[in-house]
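Please read the following note beside the sequence and the model.

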Amino acid sequence: MTGSETPSAIAGNAAGSARNGQDNPNDRGDTAVVRTGIAGSRRILRLRGLIRKETLQILRDPSSISIAFVLPAVLLILFGYGVSLDAEHVPVAIVVESPSNDAVSFALSIANSHYFSPRLSRNRHEARAALRRGDVQAFVVLREDFSRRIKQGSGAAIQVTTNGTDANTARIINGYLDGVWQVWLKHFGLARGQPIVAPVDVEHRVWFNADVRSRNFLVPGLIAIIMTLIGALLTAMVIAREWERGTMEALMVTPVGINEILIGKLVPYFALGMGSMLLSTALAVWVFGVPLRGSFLVLLLVSAIFMLAALGLGLLISTVARSQFVAGQVAIIVAFLPAFILSGFVFDITSMPSIVQAITHIVPARYFVSSLQTLFLAGTVWRIIFYDLLALGIMAIVLIGLTRRMTKKSLGQ
């Protein structure tokens, strides 16, 4: 302090400096920017830590790795090789009442078809007994006047009796036998120089699955079941286990926000589910020979949206049911069974009652199965895929939003 400065002057200068500091908007803006930047960097660090923690937890859990990568291979092998809606090598009995060249020729036509595994029976009674025992699924009787009937076109030349216990298989067998009969009649007429003109000429043209392989239909739908298991069942079980062990409550008391917790849970399991989808797609195309006629990028997009919906459902289940047993039961009832039964994976939705068809509209797997079968068998048909994407996107937003709300309520906020 110099001799020319009085205490009152010094106090005035200090007050003025303080006022200048308070009234300077640039200083306040710089401080706010710095605080925002620090908060943002801290948020990113916390989020990275959460994702790393969840990733390490998944890697150290053998059950999670098994469900994500071993289970898809097992399910695809079981359904690809063990489950078939096709009727092949069906055991049938053939009864030739009066052997002739024409009767033997038709019997050989049945034997040369890969759909049937024929065996000869001496009479109708023997064939009927074999049908009742379950040794054969059907028997064909070539009447004693077989040659005369087909040449004159009078009456039925053959009789087909099928086991009707399984109505679907019975219809398939009848259709196959009818196809063999029509082809044989055509060749029979050409060989005699007198083509047999049928009243109706049926030409079968199968679109999108020309080989008529049920494997091409089942395997794409199975990918939806696998991703449902990973997204909903696995997520619900693992997070419910954290609730039981108390690690979730310990995480809640940290400065980590609810949104950061949800993102930290979603990202690792999302990557796990997409990895499983890539493995399943590779097995479907290169092992089972299912054609992928659509865009692979569109397949990734649809799978990503469905995975978010499945993860949202799994998180919601784990938030409501904080017990592994309860969460597993709820996930099976709410996620797995609807995906298996009401998605069109095996059972045709249009054949279901109207009320059940209405319920299928709230099952995410329905739209995913539709897009998968379209992309694999038909191609990138945007009229179908866009509608499925829209429905899946809405479901993902609703499910994740409900999880956010329920988690907030559970914390008493």
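1. The largest nonpolar core has 64 residues, and those with the most contacts inside it are Leu-222, Met-227 and Phe-376. A nonpolar core is a set of buried Ala, Val, Leu, Ile, Met, Phe, Trp, Tyr and Cys residues joined through side-chain atoms within 4.5 Å. Buried means under 20% relative accessible area, exposed over 50%, and partly exposed in between, with a 1.4 Å probe and protein chains only. At least two residues of this core come from each of several helices, including H2 (25–59), H8 (214–245) and H15 (382–410). H8 gives the largest share, 14 residues.

2. The model is predicted: local features need pLDDT of at least 70, side-chain atom pairs count only at pLDDT 80 or more, and totals for chains, interfaces and linings use all residues. Residues are numbered from 1 along each chain as its sequence is written, and side-chain values use heavy atoms, with hydrogens and water left out.

3. Which residues does Leu-222 contact, leaving aside its neighbours within four places in sequence? They are Leu-75, Leu-76, Phe-79 and Phe-345, where contact means heavy atoms within 4.5 Å.

4. The protein has 15 helices and four strands. These are DSSP runs numbered from the N terminus: helices are H or I with at least four residues, strands E with at least two. Of its 413 residues, 39% count as buried.

5. Helix H7 (residues 167–191) has 25 residues and reaches 36 Å from its first C-alpha to its last, close to the expected 36 Å. The expected span is 1.5 Å times one less than the number of residues. Among the buried residues of H7 are Ile-172, Trp-181 and Phe-188. The buried residues of this helix pack against several elements, including strand S1 (90–96), helix H4 (101–111) and strand S3 (138–142).

6. Is Thr-360 buried or exposed? Thr-360 counts as buried because its relative accessible area is 0%. Its place is in the loop between H13 and H14. Not counting residues up to four places away in sequence, Thr-360 touches Leu-342, Ile-349, Met-352 and Arg-366.

7. Phe-347 lies in the loop between helix H12 (324–341) and helix H13 (354–359). This residue counts as partly exposed because its relative accessibility is 43%.
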